[in-house]
Amino acid sequence: MAALGVATGGGNWFSALALGVTLLKCLLIPTYHSTDFEVHRNWLAITHSLPISQWYYEATSEWTLDYPPFFAWFEYALSHVAKYFDQEMLNVRNLNYCSSRTLLFQRFSVIFTDTLFVYAVHECCKCIDGKKAGRELTEKPKFILSVLLLWNFGLLIVDHIHFQYNGFLSGLMLLSIARLFQKRHMEGAFLFAVLLHFKHIYLYVAPAYGVYLLRSYCFTANKPDGSIRWNSFSFLRLISLGLIVFLVSALSLGPFLALNQLPQVFSRLFPFKRGLCHAYWAPNFWALYSALDKVLSVIGLELKFLDPSKIPKASMTSGLVQQFQHTVLPSVTPLATLICTLIAILPSIFCLWFKPQGPRGFLRCLILCALSSFMFGWHVHEKAILLAVLPMSLLSVGKAGDASIFLILTTTGHYSLFPLLFTAPEKKNLFLIGWKLSTSLAWGLWKSSVNLYSLSPLGS
Amino acid sequence: MEKCYLMTAVVLLGLTVRWTVSLNSYSGAGKPPMFGDYEAQRHWQEITINLPIKQWYFNGSDNNLQYWGLDYPPLTAYHSLLCAYVAKFINPDWIALHTSRGYESQAHKLFMRATVLIADLLIYIPAVVLYCCCLKEISTKKKIANALCILLYPGLILIDYGHFQYNSVSLGFALWGVLGVSYDWDLLGSLAFCLAINYKQMELYHSLPFFCFLLGKCFKKGLKGKGFVLLIKLACTVVASFILCWLPFFTEREQTLQVLRRLFPVDRGLFEDKVANIWCTFSVFLKIRDILPHHIQLMISFCFTFLSLLPACIKLTLHPSPRGFRFTLVSCALSFFLFSFQVHEKSILLVSLPVCLVLREIPFMSTWFLLVSTFSMLPLLLKDELLMPSVVTVIAFFIACATSFSIFEKTSEEELQLKSFSISVRKYFPCFTFLPRIIQHLYVGLLLPWPLPRSTGSGSAGPAAMAHGPSRSAACGIFLDRGMNPCPLHQQADSQPLCHQGSPEGHSFDSETSNLFIFIFIIT
């Protein structure tokens, strides 16, 4: 206890923040957990009890393995600790098994793996320029960033209540961003490649990485006006980046290639049969599109333009996961969503290529890619908003304009996560409190950063 | 403005912690036939809404006093009635007479937890925020840190939101009372305190300091003039508030007596269960409960309580001041807790509230006391399966205090307000140096090859056994320094050496070791 007090009493606010949020996570252990809890228990069971060749074929439970192989290996490693908590959870046939020890193990595994996230935040803080900061702790950008990231309520809701492992994955992403800021491009690329093989949702932001590394790392110098200097292209760097990505992919997919299971793995990873909108809808463009379609069909029925017998019974809004045909507006195919997403990210990609602004420009592009994919992607989860919110925190402590956008994004993004906790109102109350806390904190911090930055010229 | 945001953030953090603790189990969950305090509160709602007032405190066919009969003053009953009306609106099954016994459901738990939260939010939390905002001569940051620490005090959170009780109401009213009388709103303060007493009779632990402080103020203003007017006004306020609360029970003498009998069950014995007071500790060696007759036990506890609180109260009456008032509250509440009759372990909360108020002045000891007070309720909390929230909230509180008050840096005698105490100990109990010498010999002999210290000639000894540096406990600090300085404790030349004044080798040794002893004593 004394050591704890020393670490925090000696002015080390970062430790205090990290410890504080870890304690809050411990308090959230008895809260509601979703089916994702059973999903991960099932994956622990699959990876522990079955040989590799069965991992992507096992279908006893409806929650089949649909993350890339590195995540499966991660669950395998966890399962070796799990057996000391409760052997029964590792039985594939024990569907919906949830003893108190299982709950404790799973919750603690999320809390423990968040250590990587804490380390990543620590590294990100090093990338922030704090020289213009005031003397007050709450005005220091590093402090503000740490609070915004460590105490991010979206992450708390999704990881520690709903139950997922986004903490350490986001930690990997933030760490790779931090490495790119620190000009350690190879490490950044490596970390991102590893991340992709943990959770393929990060493909949303892969274009930003690809274009940035190609443009700002493979081309070693720019012309004085900032445009590309073709003769500074370094094949060596391109090859080394390619090699990194290739080696990581080989490590991940190699075993399954050898077993001829790649098509099966890909069909599990990219389940296009799941439908345009996920059960509780991400609030994206297609949700509005479907709502408009519904409104038009209702109007059409009222005004007798449509024949009732021709309208399909299943409703987009009923929370089912399935393919669906629109009534009035044209139906949307995966290809259409891909095209829309590509069109949406094109402007930012062009800017990143033609007028690179260093790591900050890369970060902006990354956020825009994440948001565009969220907006126009196929089968987007509402949790995907975290891919945009977390990197945006890094930008928001730099400029007042970014801070105001961040405030709107984080408030609406976190609010959109509420339907994830649909049980007793007591959980919603926790939410309200948490959301208010985060909003008031974000507002307060933005206000102080605005005061701070209004004193210095607003540059990029 | 920034202060508002930070204060809001602190309050919301407090509420979040409270709400997450409330997701755990409560007292008597799933344990028929008697269940626990949660069922008691539900039962009081059932009784107050279904029966006429005259039957609330009486044994009858509809009201079996053996099954959680009402044993708090009328204000608790009125509060239960209010909650019962809301319950009736939501689901009458929760408070149906007889049939709702042992009713347990998720929705009902949500309702009951919500009633605690609302009561806390309306009464206790505003009092804490206002108290911290009104503190003088400290920066905004320190005020907010103070509020954070008080709101994170684990004992109250665990008992109210875990075990299930409404202590925040009575403690909140008491805090409003403290605020009122400290800032010269004497009538409002005494009204608030009367409400506190009428909510839980245990608040009488705080009544003597209030009485002495207000009396002292009257004396100061002069009993022939303003003081007398104030006295009359206060008396009228108190009487009026009591009459208002007890009005339905003053109609008949028997009603009043029955309520008093329920509030003060003098035939229940010196103590029950495990409680960290003198009588329970003493009974490990000598079973007083079995040896002495009842009325003797009553008299002994009365005498000890009265004698222990007399000095502080007399001082407060003669020299009334808000600071003295706070310390007297601590002292009197602790006297009652240690020596009084039928003390429950939860009564430590009545001592913890005043200690929270002096957190800013002696952070090290207050934090320590508050941690120990939570620990003293551990058997109760374990029974309610609240181990995880207890551990987490205790660590959180410790971190909050350590970060806000730098408690490991302010550990000199003066900062701990222990200077006069240490001087008296060294002066009147020189034998206290024996034990420290033994301990020091042990440490020296076992851990270090250094010879026993001789005076370095730096004059009077330093009492800095607990001195500075966050990275050392006192014991380590002494020994780390020994490598460089044979007499490491000559760091602050504050205190006077004792009777060994004549021998230069002696006195540094004695004050060092006596400091070490005092510190070890406090540590254990």
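## Ground rules

Axes here are lines fitted to C-alpha atoms, for helices over the stretch in contact, and angles run from 0 to 180 degrees between N-to-C directions. This is a predicted model, where local features need pLDDT of at least 70, side-chain atom pairs count only at pLDDT 80 or more, and totals for chains, interfaces and linings use all residues. Residues are numbered from 1 along each chain as its sequence is written, chains are lettered from A and ligands numbered from 1 in the order in which they are written, and side-chain values use heavy atoms, with hydrogens and water left out.

## The two chains at a glance

Chain A comes out with 19 helices and zero strands, and chain B has 23 helices and zero strands. Both element types are DSSP runs numbered from the N terminus: helices are H or I with at least four residues, strands are E with at least two. In chain A, 54% of the 460 residues count as buried; in chain B, buried residues make up 55% of 524. (Buried is under 20% relative accessible area, exposed is over 50%, and partly exposed is in between, using a 1.4 Å probe and protein chains only.)

Now for contacts, meaning heavy atoms within 4.5 Å. Taking contacts between residues at least 6 apart in sequence, 75% of those in chain A join residues at least 24 apart, and the figure for chain B is 76%.

The mean pLDDT of chain A is 82, with 81% of its residues at 70 or more. (pLDDT is the predictor's confidence in each residue, from 0 to 100.) Residues 455–460 of chain A have pLDDT below 50, and beyond near neighbours in sequence this stretch has six contacts in the model. Where pLDDT is low, the predicted coordinates should not be read in detail.

## Helix pairs

Two packed helices are described by the angle between their axes and the distance between the axes. In chain A, the axes of H3 (residues 35–49) and H6 (residues 100–126) come within 11 Å and cross at roughly 90 degrees. That makes H3(A) roughly perpendicular to H6(A). On the angle scale, under 35 degrees is roughly parallel, over 145 roughly antiparallel, 65 to 115 roughly perpendicular, and the rest oblique. H3(A) brings Phe37(A), His40(A), Arg41(A) and Leu44(A) to the contact, while H6(A) brings Thr102(A), Leu103(A), Phe105(A) and Gln106(A). By class, the H3(A)–H6(A) contact has four nonpolar, three polar and one charged residues. (Ala, Val, Leu, Ile, Met, Phe, Trp, Tyr, Cys and Pro count as nonpolar, Asp, Glu, Lys and Arg as charged, and the others, Gly among them, as polar.)

Over in chain B, the axes of H9 (residues 207–221) and H14 (residues 294–318) come within 7 Å and cross at roughly 30 degrees, so H9(B) and H14(B) are roughly parallel to each other. From H9(B), the residues in the contact are Leu208(B), Pro209(B), Cys212(B), Phe213(B), Leu215(B), Gly216(B) and Phe219(B); from H14(B), they are Leu309(B), Cys313(B), Leu316(B) and Thr317(B). The H9(B)–H14(B) contact residues split into nine nonpolar, two polar and no charged.

## A covered helix and a buried histidine

H7 of chain A (residues 141–150) is mostly covered, with nine of its 10 residues buried. Among them are Phe143(A), Ile144(A), Ser146(A) and Val147(A).

His206(B) sits in the loop between H8 (186–199) and H9 of chain B. His206(B) counts as buried because its relative accessibility is 2%. Its side chain reaches the backbone oxygen of Leu350(B) at 2.6 Å. Leaving aside neighbours within four places in sequence, His206(B) is in contact with Ala174(B), Phe193(B), Leu329(B), Ala333(B), Leu350(B) and Pro354(B).

Most residues other than glycine have a negative phi, and most peptide bonds are trans. Phe163(A) is not a glycine, yet has a positive phi of about 90 degrees. Phe163(A) lies in H8 (residues 153–163) of chain A and is buried, at 0% relative accessible area. Glu385(B), also not a glycine, has a positive phi of about 55 degrees. Glu385(B) belongs to the loop between H18 (378–383) and H19 (387–405) of chain B, and is exposed at 58%.

As for peptide bonds, the one from Pro32(B) to Pro33(B) is cis, with omega near -5 degrees. Pro33(B) is in the loop between H1 (2–22) and H2 (37–50) of chain B.

Terms used:
Polar contact = N/O pair within 3.5 Å; in protein donor to acceptor, adjacent residues only side chain to side chain.
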